[in-house]
Amino acid sequence: MIRSTWVIGILLWSCVACAQVPAARPKFDAFEVATVRPVDPDAHAGRMFKMDGTHRWGATNFTLKNLIALAYDMNPRTISGGPGWMETQYFDISAITPGDVRPTRLEQMQMLRTLLVERFGLKFHREQKEFSIYALSVAKGGPKLKAAAKPDDPPELFGVVYPGKIEVPAKSVTMDDFVAMLQRATLDRPTVNETGLTGKYDFDLVWAQDETQYGGEVPKAPDDAPNPPLFTAVQEQLGLKLEATRGMVSAMTVDEVAKPTVD
């Protein structure tokens, strides 16, 4: 009986010890498998990317220029060079991610960067250039942001498009995360973070979109929409402000790129 109890104790201890060892997180250097298909430009309807479950990643109706902007958190205006089809040919991408855990958005973008190099042959160089920009800063009266309830969680930040409004539910995001979203997809010019805020926050932002946002691909909200325009919403709901100015930002010049072979 003593020997049996001792053996069971050893087995229980081993199981507990194994359970406490976290699974190694993949490096997410590249998608395991990826399919790239051109889309008829006359048929595209909406642009989006998302994770479907733990392993499936997809991007729908993206031009190569928009894919670069997505992967590198850039405003499309700061990307120059390359052939004209970078802005006129649309693509869908379906991919499988490695490992047993869902990649964060930053890890997804890391894999997308590899895909752009491997499938499109992307080569580029970076330099600082002056642009018309938007600067995000704290409005008079201070920020109206709540500290993140789960600051250790990966950031969640995406826009949900409705006929008369855009909703952005944000969880555990920094102001750099917020600015990156604004400049790569929402606004028509580069945007910089001048808030000085260093924490992670939860917030919900709702506004009535106009024709200058999302590259003109999202219909303008009706004139009688109940929600305020973006700049007003940012100030009223977040205690921040967006101001038009000029400034130096990191720009990209595409040196080489090619259309991918059809899968």
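## Charges over aromatic rings

In this predicted model, Lys-165 lies over the face of Tyr-162, at 5.3 Å from the ring centre, and the charged end of Arg-189 sits over the ring of Tyr-134, 4.5 Å from its centre. A charge is taken to sit over a ring if NZ of Lys or CZ of Arg is within 6 Å of the ring centre and within 35 degrees of the ring normal.

Residues are numbered from 1 along each chain as its sequence is written, and side-chain values use heavy atoms, with hydrogens and water left out. Because the model is predicted, local features need pLDDT of at least 70 and side-chain atom pairs count only at pLDDT 80 or more, whereas totals for chains, interfaces and linings use all residues.

## Aromatic pairs

The count of aromatic pairs comes to 7, where rings of Phe, Tyr and Trp (its six-membered ring) pair if their centres lie within 6.5 Å, and planes under 30 degrees apart count as stacked, over 60 as edge-to-face and the rest as tilted. The rings of Phe-91 and Phe-120 have centres 5.2 Å apart and planes at 85°, so this pair is edge-to-face. The pair links distant parts of the chain, with Phe-91 in strand S5 (residues 90–96) and Phe-120 in helix H3, 29 residues apart; helices (H or I, at least four residues) and strands (E, at least two) are DSSP runs, numbered from the N terminus.

Both Phe-91 and Phe-120 are buried, a term that means under 20% relative accessible area, with exposed over 50% and partly exposed in between (1.4 Å probe, protein chains only). Ring pairs also link Phe-31, Phe-49 and Trp-57 into a cluster.

Strands S2 and S3 run antiparallel and are joined by 5 bridges, two strands being paired if DSSP finds at least two bridges between them. Phe-49 has Ala-59 in S3 as its bridge partner. The hairpin has 3 residues between its strands, and Gly-53 takes a positive phi near 80° there.

## Covered helices

In H2, 9 of the 9 residues are buried, including Lys-65, Asn-66 and Tyr-72. Just after H2, Asp-73 takes a positive phi of about 55°. H4 is also mostly covered, with 9 of its 12 residues buried, among them Met-175, Phe-178, Gln-183 and Arg-184.

## The largest pocket

About 1200 Å³ of space lies in the largest pocket. Of the 35 residues that line this pocket, Phe-49, Leu-157, Phe-158, Gly-159 and Arg-184 are the closest to its centre. On a 1 Å grid over the protein atoms alone, a pocket is an open set of points where a 1.4 Å probe fits, with protein on both sides within 12 Å along at least five of seven lines, and lining residues have an atom within 4 Å of a point. Grid points are joined across faces, edges and corners, and a volume is the space filled by probe spheres set on the points.

Elements that each supply at least two lining residues include S2 (48–52), S3 (56–63), H2 (64–72) and H4 (175–186), and the largest share, 5 residues, comes from H4. By class, the lining has 19 nonpolar, 8 polar and 8 charged residues, where Ala, Val, Leu, Ile, Met, Phe, Trp, Tyr, Cys and Pro count as nonpolar, Asp, Glu, Lys and Arg as charged, and the others, Gly among them, as polar.

## The second largest pocket

The second largest pocket has a volume of about 350 Å³ and is lined by 19 residues, of which Arg-47, Asn-66, Pro-76, Arg-77 and Gly-215 lie nearest its centre. H4 gives the most to this lining, with 3 residues, and the classes number 5 nonpolar, 7 polar and 7 charged.
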